[in-house]
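Good morning, and thank you for coming. Please look at the model as I speak.

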Amino acid sequence: MAAMRKIASIPFLEGESAVLHVSEEEILPSGEFVTVTDKNIVEFFAPADSNRMLKMPPGETAKAWTSVEKILNFALSLSLGRDGMMLGFGGGVVCDVTAFAASIYMRGCRLVLVPTTLLSMVDAAIGGKTGINFGGSKNILGTFYPANEVRICPKLLRTLPDWEYKSGLAEVIKHAMLEPKKYGLLDILLSRREAILSRDSRILNRIIPAAAKIKADIVSADLREQGRRAYLNLGHTFGHALEGATNFIRWSHGEAVAWGIKKALDLGERMGITNPDWAKFSRRLFSEYGFDDVNLEVESSKLKEAMIHDKKKQGGELRFILMRDAGEVTVEKVNQFDLDSVLEIRNG
Ligand SMILES: NC(=O)c1ccc[n+]([C@@H]2O[C@H](COP(=O)([O-])OP(=O)(O)OC[C@H]3O[C@@H](n4cnc5c(N)ncnc54)[C@H](O)[C@@H]3O)[C@@H](O)[C@H]2O)c1
């Protein structure tokens with residue numbers, strides 16, 4: 001790799017590190033690689049050497065087996081060797097699908113990710129989970145395959161639509177709730193709201209590495225999600241149900257997760273598990289970043305069905321990730337009555 005100006009280096013999993021860059025010009029690695037990206041990103045950034053670049057259609061539909069086949073065929077057609085490199089240059093979709101293809105190409109080739117959305121900088125590109133959607137289920141095929149390097153350049157976010165930026169902010173808030181004392185992230189969220197919402201580059205240079213580090217710390221202690229890594233799914237049982245019930249179009253992932261975390265706080269409070277002061281504080285934090293209570297435009301009973309279906313598919317009981325207090329997480333069995341109550345389903 002070429003020498004680069006780094007303003008922070010975040011080593012975490014063995015052989016994997018995330019590097020925060022100051023310059024867009026230096027964001028691509030040197031050497032022989034094939035780039036996977038999407039059509040929107042090429043419009044803004046046009047990575048070098050278009051002969052070695054595969055453009056996917058933007059959006060979740062590209063997280064499919066057909067994309068993996070295309071990437072593998074493309075790499076073979078360019079005679080990419082096992083010591084060659086795949087470069088995923090894009091949001092979470094590009095990162096997930098490129099990483100999956102890299103993990104199976106010649107039993108695993110080198111992988112560098114350059115995330116271009118806030119969500120992928122602090123979440124999808126970090127921690128080695130790869131995946132595609134298959135048979136109608138999200139992320140049902142995948143591997144654990146950490147990138148050799150994740151190259152982060154916050155300046156790439158200036159072209160990101162507001163809806164996508166806000167989606168990433170929900171994950172940043174979630175990371176701050178899970179680790180409120182680490183890297184000053186919660187304090188920055190509380191004190192620099194305007195600068196964060198206006199994407200001030202000095203603030204982005206602080207919140208992105210902090211949020212990415214929090215994820216890296218959690219994952220490095222539990223790569224294969226035997227324990228603590230599952231806490232990163234706070235609010236996701238509710239959130240996935242909302243996304244699924246609205247065909248992944250109406251609500252962004254971040255909006256669905258923010259709503260889901262608020263529901264998890266309601267549930268925890270109702271069950272006497274969550275400290276009401278923490279619940280109130282967290283709800284207000286989401287609301288300050290524009291995640292207000294909204295009409296979901298979906299029946300609560302449908303959401304409940306989706307959640308139960310999801311849990312059954314995972315072979316599990318109705319267990320939810322709940323918070324006791326700031327930074328304190330627990331996994332609890334939940335009864336139907338409490339769930340109905342927070343979803344405002346009236347029985348009888
Ligand atoms: N592997 C993991 O641990 C993990 C964690 C969280 C989410 N994910 C996955 O990430 C995916 C969502 O990722 P996402 O939110 O980044 O969505 P995305 O990759 O679909 O990107 C969102 C949109 O923004 C466009 N875009 C990307 N960067 C841009 C830029 N800099 N300027 C302008 N437009 C840009 C894309 O073309 C796309 O249309 C989901 O599939 C989710 O399952 C994976």
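Let me begin with a definition: an axis here is a line fitted to C-alpha atoms, for helices over the stretch in contact, and the angle between two axes runs from 0 to 180 degrees between N-to-C directions. Two packed helices are described by the angle between their axes and the distance between the axes. Please keep in mind that this is a predicted model.

With that in hand, consider helix α5, residues 162–178, and helix α11. Their axes come within 11 Å and cross at roughly 155°. Angles over 145 degrees count as roughly antiparallel, and therefore α5 is roughly antiparallel to α11. The crossing of these two helices is right-handed. On the α5 side, the contact is made by A170, I173 and M177, and on the α11 side by W278, S282, L285 and F286. By class, this contact of α5 with α11 has 6 nonpolar residues, 1 polar residue and no charged residues.

Helix α11, residues 276–288, also packs with helix α10, residues 253–270. What is the angle between α10 and α11? It is about 165°, and the axes are 10 Å apart. These two helices are therefore roughly antiparallel to each other. In this pair, α10 passes α11 in a left-handed crossing. From α10, the residues A258, I261, K262, L265, D266 and E269 meet P276, W278, A279, S282, R283 and F286 of α11. Sorted by class, the contact of α10 with α11 has 7 nonpolar, 1 polar and 4 charged residues.

The contact of α9 with α10 divides into 7 nonpolar, 5 polar and 2 charged residues.

Finally, let us turn to the ligand. Which of the 26 residues around the ligand come nearest? They are D38, E60, T116, T117 and T159. The side chain of T116 has an N or O atom 2.7 Å from a nitrogen atom of the ligand. For T117, an N or O atom in the side chain is 2.6 Å from an oxygen atom of the ligand. At V93, a polar backbone atom is 3.0 Å from a ligand oxygen atom.

Thank you for your attention.

Technical notes. Residues are numbered from 1 along each chain as its sequence is written. This is a predicted model: local features need pLDDT of at least 70, side-chain atom pairs count only at pLDDT 80 or more; totals for chains, interfaces and linings use all residues. Side-chain values use heavy atoms; hydrogens and water are left out. Helices (H or I, at least four residues) and strands (E, at least two) are DSSP runs, numbered from the N terminus. Angles under 35 degrees count as roughly parallel, over 145 as roughly antiparallel, 65 to 115 as roughly perpendicular and the rest as oblique. A crossing is left-handed if the near helix is turned anticlockwise from the far one by less than a right angle, and right-handed if clockwise. Contact means heavy atoms within 4.5 Å. Ala, Val, Leu, Ile, Met, Phe, Trp, Tyr, Cys and Pro count as nonpolar, Asp, Glu, Lys and Arg as charged, and the others, Gly among them, as polar. A residue is near a molecule or strand if one of its heavy atoms lies within 4 Å of it. A polar contact is a pair of N or O atoms within 3.5 Å; within protein, one must be able to donate a hydrogen and the other to accept it, and residues adjacent in sequence count only if both atoms are side-chain atoms.
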